[in-house]
Amino acid sequence: MAGVPGERGPGPAAGEQLQQQNASCQVFRERSATGKPQQGFFSSFFTKNQKCQLMLLTTLATNPYVKLLLDAMKHSGCAVQKERHFSCEDCNGNVSGGFDASSSQIVLCQNNIGNQAHMSRVVTHELIHAFDHCRAHVDWFTNVRHLACSEIRAANLSGDCSLVNEMFRLHFGLKQHHQVCVRDRAILSILAIRNINKEEAQKAVDEVFESCFDDLEPFGRIPHNKTYARYAHRDFQNRDRYYSNI
């Protein structure tokens, strides 16, 4: 479980599928083999589910980080569909969301996402995982260095480590603070979804940090705020038009 649709290689063997499903269920409750939540007939009428769905719609329509990522996914042949690739569910612990690679679905933890800004950060973070899933053969379940790389990119490019968010966490004033935040957030994400110790997570992050921190696709820059994200989206659209005219 980490961060949506894409043309993938051959599916995993039965044993690997079971391992993947078990890993998913540690964090996301009652997910069936197809990745769909097992919900009752009236579940869609629950207030927190409705709230989650409405916040998701707003994020997809208005957030510049998300709009760029949706364009990039479509450009890469992995168009995202709201009904197919997003699912609002209750989750265990304090997890806010995740990318279920076995079903190419983004899970949004409706019991832990409390406001619109939080929803936008979670969707952005998970769409970066989805973008990585689309463009590369990421071994989410057995190669922790692959997972570490995508978590570094998600922390770096999603706004998780923006100055405002770090001030709310009472973390600021350090030299190279953005890099420190990205490293720390990547380690925390790995520990939340993998049964490994902190030293193993740190080692995986440190081994790939430089190259993955410098991989800024599809933004082309670190979008420290929405203004930077809008500029990045404009540049992406212009780049797409340029290549289509060659």
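This briefing describes the confidence, helix packing, sheet and backbone features of a single chain. The structure is a predicted model, in which local features need pLDDT of at least 70 and side-chain atom pairs count only at pLDDT 80 or more, while totals for chains, interfaces and linings use all residues. Residues are numbered from 1 along each chain as its sequence is written, and side-chain values use heavy atoms, with hydrogens and water left out. The mean pLDDT of the chain is 82, and 73% of the residues reach 70 or more; pLDDT is the predictor's confidence in each residue, from 0 to 100. Helices (H or I, at least four residues) and strands (E, at least two) are DSSP runs, numbered from the N terminus.

**Confidence along the chain**

- Confidence is lowest in helix H1 (residues 14-27), with a mean of 41, and highest in helix H9 (residues 198-213), with 98.
- Over residues 3-27 pLDDT stays under 50, and the model has 52 contacts beyond four places in sequence for this stretch; a contact means heavy atoms within 4.5 Å.
- Residues 38-44 also have pLDDT under 50 throughout, with seven contacts beyond four places in sequence.

- Two packed helices are described by the angle between their axes and the distance between the axes.
- Axes are lines fitted to C-alpha atoms, for helices over the stretch in contact, and angles run from 0 to 180 degrees between N-to-C directions.
- The axes of helix H6 (residues 144-157) and H9 come within 8 Å and cross at roughly 50°.
- That angle makes H6 oblique to H9; angles under 35 degrees count as roughly parallel, over 145 as roughly antiparallel, 65 to 115 as roughly perpendicular and the rest as oblique.
- The crossing of H6 past H9 is right-handed; a crossing is left-handed if the near helix is turned anticlockwise from the far one by less than a right angle, and right-handed if clockwise.
- H6 contributes Val144, Arg145, Ala148, Cys149, Ile152, Arg153 and Asn156 to the contact, and H9 contributes Ala204, Val205, Glu207, Val208, Phe209, Cys212 and Phe213.
- The residues of the contact of H6 with H9 comprise 10 nonpolar, one polar and three charged; Ala, Val, Leu, Ile, Met, Phe, Trp, Tyr, Cys and Pro count as nonpolar, Asp, Glu, Lys and Arg as charged, and the others, Gly among them, as polar.

**Packing of H5 with H6**

- H5 and H6 pack at about 135°, and their axes are 9 Å apart.
- That angle makes H5 oblique to H6.
- H5 passes H6 in a crossing that is right-handed.
- From H5, His125, Ile128, His129, Phe131, Asp132 and Arg135 meet Ser150, Glu151, Arg153, Ala154, Ala155 and Leu157 of H6.
- The contact of H5 with H6 consists of five nonpolar, three polar and four charged residues.

**Packing of H2 with H3**

- Helix H2 and helix H3 (residues 64-75) pack at about 75°, with a separation of 6 Å between their axes.
- That angle makes H2 roughly perpendicular to H3.
- Thr59, Leu60, Ala61 and Thr62 of H2 meet Pro64, Val66, Lys67 and Leu70 of H3.
- By class, five nonpolar, two polar and one charged residues form the contact of H2 with H3.

**The sheet and the helices across it**

- Three strands form an open sheet in the order S1-S3-S2, with mixed pairing; two strands pair if DSSP finds at least two bridges between them.
- Strand S1 (86-89) and strand S2 (97-100) are the edge strands, each pairing on one side only.
- From one strand to the next, the twist averages 25°.
- S1 and strand S3 (residues 105-109) run parallel and are joined by four bridges.
- Ser87 stands opposite Val107 of S3.
- Helix H2 (residues 47-62) lies across S1 and S3, at about 145° to S1.
- Helix H5 (residues 116-135) lies across S1, S2 and S3, at about 20° to S2.

**Backbone features in loops**

- Ser104 has a positive phi of about 50° although it is not a glycine, and Ser104 is found in the loop between S2 and S3.
- Glu217 and Pro218 are joined by a cis peptide bond, with omega about 0°.
- Pro218 lies in the loop between H9 and helix H10 (226-244).
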